[in-house]
Amino acid sequence: MPRLIRFNKPFDVLPQFTDNSMIDNPRPTLSNYIECPGVYPAGRLDRDSEGLMLLTDYGRLQSWISDPAHKMEKTYWAQVEGEPDTAALAALRKGVSLKDGVTRPAKARIIDEPANLWARTPPIRERKNIPTTWIELKITEGKNRQVRRMTAAVGVPTLRLIRYAIGAWTLGDLPQGKWDTLEVPDIPAPPKPKHKPPRRPKVEAARNKPRSPRKPSSHKNSSKS
């Protein structure tokens, strides 16, 4: 039977099972937390981000979750430096121009600090004279470090980033560093291509085109008398 699990990834954990950096002190990876052989991440979550990851041993499900073409909505909680104004929120909703293109329109709103939020280790850098604000962002694509670049582009850099939901799956009350098993959903079948009648080659079409009747010649035959 296919497996699908959710994991609440802590800060500073690599979103993979091995550290291929060849450094003396390997960094913490998913293998430090997940004892479930054969599953692989369906999408990534940056090392310095926290929250929901989905993993599965079913290739088709992995592709369905992670492929940006399916436009599966992802919900993030971002603690940003400063207080975003109306113009900043409007820019996030409309689409932000980044080096690799304009982002798709997002859903953005200011929220209270999430309830029962675990402490981050180490804590974020805070400045006494600059407040912080929590923003909820819902996006349907996965550009590299997209949320951080979006908030920076509108003048409120991200200090802490938590992914709360992928599609209908959420963190719920799953503790940090823990994982559990989810029900494997029915995956929608890919849309069937619309059938179009084959086009006739131009040469054949021209060849089979009915000819117009020839007009009788106006030249009269003459004979010597």
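## Labels and their cut-offs

Me: What makes up the lining of the second largest pocket, by class?
Reply: Nine nonpolar, four polar and one charged residues line the second largest pocket. Nonpolar means Ala, Val, Leu, Ile, Met, Phe, Trp, Tyr, Cys or Pro; charged means Asp, Glu, Lys or Arg; the others, Gly among them, are polar. The model is predicted, so local features need pLDDT of at least 70 and side-chain atom pairs 80 or more, while totals for chains, interfaces and linings use all residues. Residues are numbered from 1 along each chain as its sequence is written, and side-chain values use heavy atoms, leaving out hydrogens and water.

Me: What makes a residue part of a pocket lining?
Reply: A lining residue has an atom within 4 Å of a grid point of the pocket. The grid has 1 Å spacing and covers the protein atoms alone; a pocket is an open set of points with protein on both sides within 12 Å along at least five of seven lines, whereas in a cavity a 1.4 Å probe fits but cannot get out. For the second largest pocket, 14 residues line it, and Ala115, Asn116, Trp118, Gly172 and Asp173 lie nearest its centre.

Me: How much space lies in the largest pocket?
Reply: About 430 Å³. Volume here is the space filled by probe spheres set on the grid points, which are joined across faces, edges and corners. The second largest pocket has about 180 Å³. The largest pocket is lined by 27 residues, with Arg44, Tyr76, Gly142, Lys143 and Arg163 closest to its centre. By class, that lining has 10 nonpolar, seven polar and 10 charged residues. α1, β4, α3 and β9 each supply at least two of the lining residues.

Me: How many helices and strands does the protein have?
Reply: Four helices and 11 strands. Both are DSSP runs, numbered from the N terminus: a helix is H or I over at least four residues, a strand is E over at least two.

Me: Why is proline 188 put in its accessibility class?
Reply: Its relative accessible area is 47%, so proline 188 is partly exposed. Proline 188 lies in the loop between β11 and α4. Not counting residues up to four places away, proline 188 touches Arg60 and Trp64.

Me: Which residues of helix α3 are buried?
Reply: Gln146, Val147, Arg148, Met150 and Thr151. Those residues pack against β4, α2, β5, β8 and β9.

Me: How many aromatic pairs does a search of the whole structure find?
Reply: Three aromatic pairs. To pair, ring centres of Phe, Tyr or Trp (its six-membered ring) must lie within 6.5 Å; planes under 30 degrees apart are stacked, over 60 edge-to-face and the rest tilted. Phenylalanine 7 and tyrosine 33 have centres 5.7 Å apart and planes at 45°, so the pair is tilted. Phenylalanine 7 is in strand β1 and tyrosine 33 in the loop between β1 and β2, 26 residues apart. Phenylalanine 7 has 0% relative accessibility, so it counts as buried. Tyrosine 33, at 31%, is partly exposed.

Me: What makes the pair of tryptophan 64 and tryptophan 169 an aromatic pair of its kind?
Reply: Their centres are 6.3 Å apart and the planes stand at 85°, which makes the pair edge-to-face. Tryptophan 64 lies in helix α1 and tryptophan 169 in strand β10, so the pair ties together parts 105 residues apart in sequence. Tryptophan 169 has a relative accessible area of 15%, so it is buried.

Me: Which peptide bond is cis?
Reply: The bond from threonine 121 to proline 122, with omega near 0°. Proline 122 is in the loop between β7 and β8. Most peptide bonds are trans, and most residues other than glycine have a negative phi. Aspartate 12 has a positive phi, near 70°. Lysine 71 also has a positive phi, near 55°.

Key
Buried < 20%, exposed > 50% of the residue type's maximum accessible area, 1.4 Å probe, protein only. Contact = heavy atoms within 4.5 Å.
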